[in-house]
Amino acid sequence: MAKGKNKGKRLTKKQLSEMLQTLFHQNPNETFTIKQIFRILHLDTHPTKMLAMDILEDMSWDDFLSKPAEHSYRLNLQGQVAEGIFIRKANGKNSFLADGSDKPVFVAERNSMFALNGDRVKVTMMARREKHIKEAMVTEIIRRAHDQVVGRLQVERDFAFLIPDGNLFVHDIFIPKKKLKGGKTDDKAVVKITQWPSKESKNIVGEVLDVLGKIGENNAEMHAILAQYGLPYKYPKNVEEAANKIDPGITPQEIARREDFRDVTTFTIDPKDAKDYDDALSIRRLSPKLYEVGVHIADVSHYVKEGSIIDKEAQKRATSVYLVDRTIPMLPERLCNFICSLRPDEEKLCYSVIFVLDGEANIKDWHLAHTVIKSNRRFAYEEVQEILEKNGVKEGTGEPAPAKKSYDGEYAWELVTLDALAKELRKKRFKNGSVKFDREELHFDVDEKGKPTRAYFKKSKDANKLIEEFMLLANRQVAESIGKVKRGEKAKTLPYRIHDQPDPTKLERLREFITHFGYKVKTTGSKEEISKSLNKLMDDVNGKREQNVIESVALRAMMKAKYSVFNIGHYGLAFDYYTHFTSPIRRYPDTMVHRLLTRYQEGGRSANRDHYEELCEHSSDMEQIAQNAERDSIKYKMVEFMADFIGDEFDAHISGITAFGIYAEIDENHCEGMIPLHDLDDDYYDFDERNYQLVGRRRHNKYMLGDPIRIKVAKANIEKRQLDFTIAD
């Protein structure tokens, strides 16, 4: 500190506390006597010295400082230093998540060392007696998560800088003009950071890697979302060239070593705009009460060899990414949309699970086989739904269609029979404790320029559930075939899809919350009792105005599903063994499972568990990143769509409550915006986090989750992906 800086200046307790904290954090291994502290901080007056001594004693009592000797202090490093992940927020409320903890600790911007979201950092804890708020100070950035930033270029006469998307930096990024790569003002650009802030300079310096286009242009904005998450927005040419060299032909020798299903009725059922058909179903009657059902999955691992250039790229991506208006595939287009895709009237190689089922969908026999198929028809979900309804299926009843002598529509008997079997499987699954979550999803129709023309929500119908049940059955069966071994035997390595039990604290909060609406849920007891109670709650709220918000709170109590070779079962599905086998075109874990199953069928030894656990962790991480990008693309299109409705009023309901405002979701299109707290000017409102509500101090008005509300669209900031509402008069 500069000499005399504090002379003649009356310091508050807060100012002096911060000065002392900074002194000890900057010198974590030093011991200071009281006299040294007075001298370093230039504390000359008796009242200031006495205040400093009181604060030092408080810090010692709080275990923030230790006392190696009388009248001397040092930073108490035991329990004060931690490593973990830095979480950066646009509003400056950054936090730190220590390894093995799920409780974030606040990090003020001044204590962040310019750490970025996802950076691995070392912190020291800053114990504070005032309000018992725990804070952390970043002392070291161990590993940067990303060195690339996306934003808008601003080019001046003598210099240029990037304004990052999402306000994630306090400062803009300086760019030397010779490093602009042709970028101009208001271009979206990807910038690589070449110089991080230091004690000598607070500047962040970078160079342009790629110019994506003008802000507001659809392609530029979608590519910016991908680049922001470190996801690729174009395919490497050398990988595409390798895919172009693959021979799609199927030799007679290859057919001879496979089971031949080319003459069995087989079809695919997918979204109407899908191009990568990675699963097909076949069915034939074996006897009046027995059916053979084949779940046929594209044999990607036949074409994509482990360790090849295509495989390395797929492993890195780990998943396809689905934005509103495009798919960024895991595999090159030639593979995912042509060679591997189970297109109608083309012979295709598959890896199949063949079931023999009775009329109640009990498994009488099954086996796993490499097959060759020839799909008879490509169905869209809507076409199948129409055929089911034509033949007596009543949507939403969960009951099979009545038996008929004649059926109306192409492959109608096959579809109606599969639907009846799927309903039996579904009924058993829920009886065994599988949790019901039928969430509506926001979708957009977009024009040729990518502009959204309609917002609507989709809910799964019987056609979707038909496919879902047979995929779940195949995934469960192949997982059981490896994981379920006799007592004393060790299961071979396999990536499982695991899902832990709900967080007890969040379940309790759900129970407390739903009592406001007159509902109950069990939070203690066996897994089966809790899941059945959750299912009853989902049935009870179905069709009610509070349905969406209660489902959202219930979902928050659930843990995230992930991949691991260490099986703990899948709570949400109530399966003891579950994996992902059915989508190798768009998920890398499915390809891993295919390879291991083939290896074990051929008598191979168990694979290296540590290696596959690493791949599982990477796949789980990439899945989460892809979901975040998908959500951002939906948010962008939502704001773009609502920009045409500024000043219009809508019926809505409160979908979220925070300390800084209310989130409201429009009933007719599910678009969500925020009513800032400062716009609620009829009273001063306090945030009651426990009960998800805002409460007025004077008039005691309440805003609660699920409440109906009339809103007016106030602002639609496309660049910030921010939609603001006000309460309509």
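Glu347 counts as partly exposed, at 35% relative accessibility. The terms used here are buried for under 20% relative accessible area, exposed for over 50%, and partly exposed in between, with a 1.4 Å probe and protein chains only. This is a predicted model, in which local features need pLDDT of at least 70 and side-chain atom pairs count only at pLDDT 80 or more, while totals for chains, interfaces and linings use all residues. Residues are numbered from 1 along each chain as its sequence is written, and side-chain values use heavy atoms, with hydrogens and water left out.

**Salt bridges**

Side chains of opposite charge can pair when their charged atoms come close. A salt bridge is taken as a side-chain nitrogen of Lys or Arg within 4 Å of a carboxyl oxygen of Asp or Glu. By this rule the count comes to 50 salt bridges.

Glu347 is the partner of Arg262 in one of them, with the closest N and O atoms 2.9 Å apart. This pair links distant parts of the chain, 85 residues apart: Arg262 is in the loop between strand 14 (259–260) and strand 15 (266–270), and Glu347 is in strand 20 (residues 347–358). Helices (H or I, at least four residues) and strands (E, at least two) are DSSP runs, numbered from the N terminus. Arg262 is partly exposed, with a relative accessible area of 24%.

Asp58 and Lys13 also meet in a salt bridge. Asp58 belongs to helix 3 (residues 46–61) and Lys13 to helix 1 (residues 13–26), and this pair, too, links distant parts of the chain, 45 residues apart. Asp58 has a relative accessible area of 25% and is partly exposed; Lys13 is partly exposed at 46%.

In the bridge between Lys364 and Asp358, Lys364 is exposed, at 53% relative accessibility, whereas Asp358 is buried, at 11%.

| Salt bridge | N to O distance |
|---|---|
| Asp58 and Lys13 | 3.8 Å |
| Arg262 and Glu347 | 2.9 Å |
| Lys364 and Asp358 | 3.8 Å |

**Aromatic rings**

Rings of Phe, Tyr and Trp (its six-membered ring) pair if their centres lie within 6.5 Å; planes under 30 degrees apart count as stacked, over 60 as edge-to-face and the rest as tilted. A search of the whole structure finds 12 aromatic pairs. One of them is Tyr291 with Trp413, whose ring centres are 6.4 Å apart and whose planes stand at 40°, so the pair is tilted. Tyr291 lies in strand 17 (residues 290–298) and Trp413 in helix 11 (residues 412–431), 122 residues apart. Tyr291 is buried, at 13% relative accessibility.

Tyr351 and Phe581 form a tilted pair, with 5.7 Å from centre to centre and 55° between the planes. Tyr351 is in strand 20 and Phe581 in the loop between strand 26 (562–564) and helix 16 (588–601), so the pair ties together parts that are 230 residues apart in sequence. Tyr351 is buried, with a relative accessible area of 0%, and Phe581 is buried, at 0%. One aromatic cluster is made up of Phe444, Phe641, Phe645 and Phe650.

A charge sits over a ring if NZ of Lys or CZ of Arg is within 6 Å of the ring centre and within 35 degrees of the ring normal. Arg377 lies over the face of Phe379, 4.2 Å from the ring centre. The charged end of Arg476 sits over the ring of Phe575, at 5.1 Å from its centre.

**Two sheets**

Strands of a sheet pair through backbone hydrogen bonds, either parallel or antiparallel. Here two strands pair if DSSP finds at least two bridges between them. Three strands form an open, antiparallel sheet in the order 1-3-2. Strand 1 (31–33) and strand 2 (65–66) are at the edges with a single partner strand each, so one side of each is left without a neighbour in the sheet. Three bridges pair strand 1 with strand 3 (residues 72–75), and Ser72 in strand 3 is the bridge partner of Thr33.

Another open sheet has three strands in the order 30-31-32, with antiparallel pairing. Its edge strands, strand 30 (685–688) and strand 32 (702–704), each pair on one side only. Strand 30 is joined to strand 31 (residues 693–696) by four bridges; Leu694 in strand 31 is the bridge partner of Phe687.
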